[in-house]
Amino acid sequence: MDLDVFVSVHRAEWDRLDALLRRRRRLTGTEADELVSLYQRTATHLSLIQSSAPDPQLTGRLSQLVARARSTVAGTRRASWRDVTRFLSQGFPAAVYRSRHWWVPTALVSTAVAVLLGWWIGTHPEVQSSIAAPGRLRELTRPGGEYETYYSSHPATAFAAQVWTNNAQAAAMCLVLGVFLGLPVLWILFQNMLNLGVGFGLMSSAGRLDTFLGLVLPHGLLELTAVFVAAGTGLRLGWTVIDPGPRTRRAALAEEGRAAVGMAIGLALVLFVSGAIEGFVTPSGLPTWARIGIGIAAELAFLAYVYVLGGRAARAGENGDLEAADRSASVPTAA
């Protein structure tokens, strides 16, 4: 494509579209029809330039022009409670359900890694001594030690807020960094499983594994599930870079990326619940069986939410993406 010739041929159309947009509230019926026609043609021109002769300055101008025209033609819509309800009842659970083939294996493999690390640390004193001095290890694992008092060392509200913030950041990093072929996600997962394995191994070597599980399981079941969902979604996003399937790589990344953003919002709500359990239930005076029971109930409720509501929504065609009217328009690449 000769860009200079193309611009000279179509500049008058772009200028006319810009002029109509500046006075869109005073358009006649004929002018409104003209605006729609010019919008469609300009969107096609933008697509042609992007694919054949990309020019940053011209692409920027036409992108702004197309965005303004689309807003005028399609109208703008404010988010409403209907959007929130649809997201919580359909969009988010469907997105989690659709990615189950990624996060379920991620959960199984990660849990196995944590258990193996814990067994290795717990059965090898030389590994324990490389972690910390014997006196330090006794302080960590003794009754009333640091592992046990960690959950009650701060006011419950502040602790829950801190835990929620840290976990939400970790989940968001898994989702965002997944685009780098999933490699940062694997590192984040390993760090989480290593921390879990160290606690598992040290407390089991001190004969206090039951205490450790009683402290971790109430909040850890739901918390780790949210982390596994985020990691699985991040890995799926990374795989999309390698194999976008029948879609173009750009379209595939756009669709999966929008779903990942929605996933981050939904998982923040899930982690809020697990943070509340960690702040108020884990350090409480409830019997161990009651605390673990609350954790299991929260986990089962989330899985039912995903597999019942999410499965139903996914089978109905929901994929966690924006509604069609809210997505950027897809335009043809032929003149």
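Predicted model: local features only at pLDDT ≥ 70, side-chain atom pairs only at ≥ 80, totals over all residues.
Trainee: What makes Arg22 and Asp18 a salt bridge?

Mentor: The closest N and O atoms of Arg22 and Asp18 are 3.0 Å apart. A salt bridge requires a side-chain nitrogen of Lys or Arg within 4 Å of a carboxyl oxygen of Asp or Glu, and the pair therefore qualifies.

Trainee: How are Arg22 and Asp18 placed along helix H1?

Mentor: They are four residues apart in helix H1, and because of this spacing about one helical turn separates them. Salt bridges with shared partners also join Asp18, Arg22 and Arg68 into one network.

Trainee: Why is Arg22 given its accessibility class?

Mentor: Its relative accessible area is 64%. Exposed means over 50%, so Arg22 is exposed.

Trainee: How do you know that Arg41 and Glu13 form a salt bridge?

Mentor: Their side chains meet at 2.6 Å, N to O, and the cut-off is 4 Å. The pair links distant parts of the chain, with Arg41 in helix H2 (residues 29–52) and Glu13 in helix H1 (residues 3–22), 28 residues apart.

Trainee: What accessibility classes do Arg41 and Glu13 receive, and why?

Mentor: Glu13 has a relative accessible area of 18% and is therefore buried, the limit being under 20%. Arg41, at 36%, is partly exposed, because that class lies between the limits for buried and exposed.

Trainee: What makes Glu34 and Arg16 a salt bridge, and which parts of the chain does the pair tie together?

Mentor: The closest N and O atoms of Glu34 and Arg16 are 3.0 Å apart, and the rule asks for a distance within 4 Å. Glu34 lies in helix H2 and Arg16 in helix H1, so the pair ties together parts 18 residues apart in sequence. Glu34 is partly exposed at 28% relative accessibility, and Arg16 is partly exposed at 29%.

Trainee: How many salt bridges does this rule give?

Mentor: The count comes to nine.

Trainee: What lies around Ser110?

Mentor: A polar atom of the Ser110 side chain lies 2.7 Å from the backbone oxygen of Thr106. Leaving aside neighbours within four places in sequence, Ser110 is in contact with Leu189, Met193 and Phe228.

Definitions and conventions: Residues numbered from 1 in each chain as written. Heavy atoms only, no water. Polar contact = N/O pair within 3.5 Å; in protein donor to acceptor, adjacent residues only side chain to side chain. Contact = heavy atoms within 4.5 Å. Helix = DSSP H or I, 4+ residues; strand = E, 2+ residues; numbered from the N terminus. Buried < 20%, exposed > 50% of the residue type's maximum accessible area, 1.4 Å probe, protein only.
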